[in-house]
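Colleague: Could you walk me through how to read the charged pairs in a model like this?
Modeller: Gladly; let us look at it together.

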Amino acid sequence: MSKKSNYSYIGIAFIILVFGIIFIPKIVDRISNNDISRQESRSNLKKSEASRKSDLVFISNNGENRKVPDFSFINQDGKTITNKDYEGKVYVIEFFFTTCPTICPRMNRNLIQIQNEFKDFEDFGVASFTINPDYDTPEVLKAYAEKYKVTNPNWHLMTGDKEAIYKLSNEGFYIYAAANDSVEGGFEHSGNFALIDKKGYIRCRVVNGNPIIYYNGITSESEKTDEDGKVEEISALKEDIKKLLNE
């Protein structure tokens, strides 16, 4: 090896030594001050912003996003409640009746869990419409609310004109409800919940490329996923409520 090569290696070693003396203490100082991993690129900021946005879709009908139809009913406190009272709020919709011997108790226990999880959110509510308004007077609904420990001031259990309620259910939300003397309890109805955003639009998540539209209100959180790995729907509903509250 030539003397010239030796001089080159010595020079490189000297430069590395100088670098270490000058810069290593600065790097150590930045690590100790939690500054070394700061990310400030535009792409990272965009990703962060995107992660905070809701990925819930709108439900469309004939090319238009579906909104909650206008309604006006009487709640458990004898007050007139309309869709306007829910403006600016994220809320869940159900159709039920107080003497239901089958799915309604489970649906409302699930809604109580949801109510309690979002108790600190003034912009969260529930809209419960009875499909047996002849029996479910405001007084009956009040007792039912007390029995289930409904405490959210934005949870209205509503009664009123039977035809208007059935039209809202079957035509407004496409959530099935009907009187049927041949079934237990005298009425049959869907156990589904609808999720509404702050502007009154029906929203939902997409599963395997398809919108689920409604959430099964009689599932249990004790089973977080089904055999296909799909998130149990009450858990999914809670996750999606959080997303809409943050929009």
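**Reading the salt bridges**

Modeller: Begin with Lys238 and Glu117, whose side chains form a salt bridge at 3.1 Å, N to O. The term means a side-chain nitrogen of Lys or Arg within 4 Å of a carboxyl oxygen of Asp or Glu. This is a predicted model, where local features need pLDDT of at least 70 and side-chain atom pairs count only at pLDDT 80 or more, while totals for chains, interfaces and linings use all residues. Residues are numbered from 1 along each chain as its sequence is written, and side-chain values use heavy atoms, leaving out hydrogens and water.

Colleague: Is Asp240 buried or exposed?

Modeller: Buried means under 20% relative accessible area, exposed over 50%, and partly exposed in between (1.4 Å probe, protein chains only). Asp240 counts as buried because its relative accessibility is 0%. Arg205, at 14%, is buried too. Salt bridges with shared partners join Asp55, Arg205, Glu239, Asp240 and Lys243 into one network.

Colleague: And how exposed are Glu247 and Arg203?

Modeller: Glu247 is partly exposed at 47%, whereas Arg203 is buried at 3%.

Colleague: How many salt bridges does the structure hold?

Modeller: There are 12.
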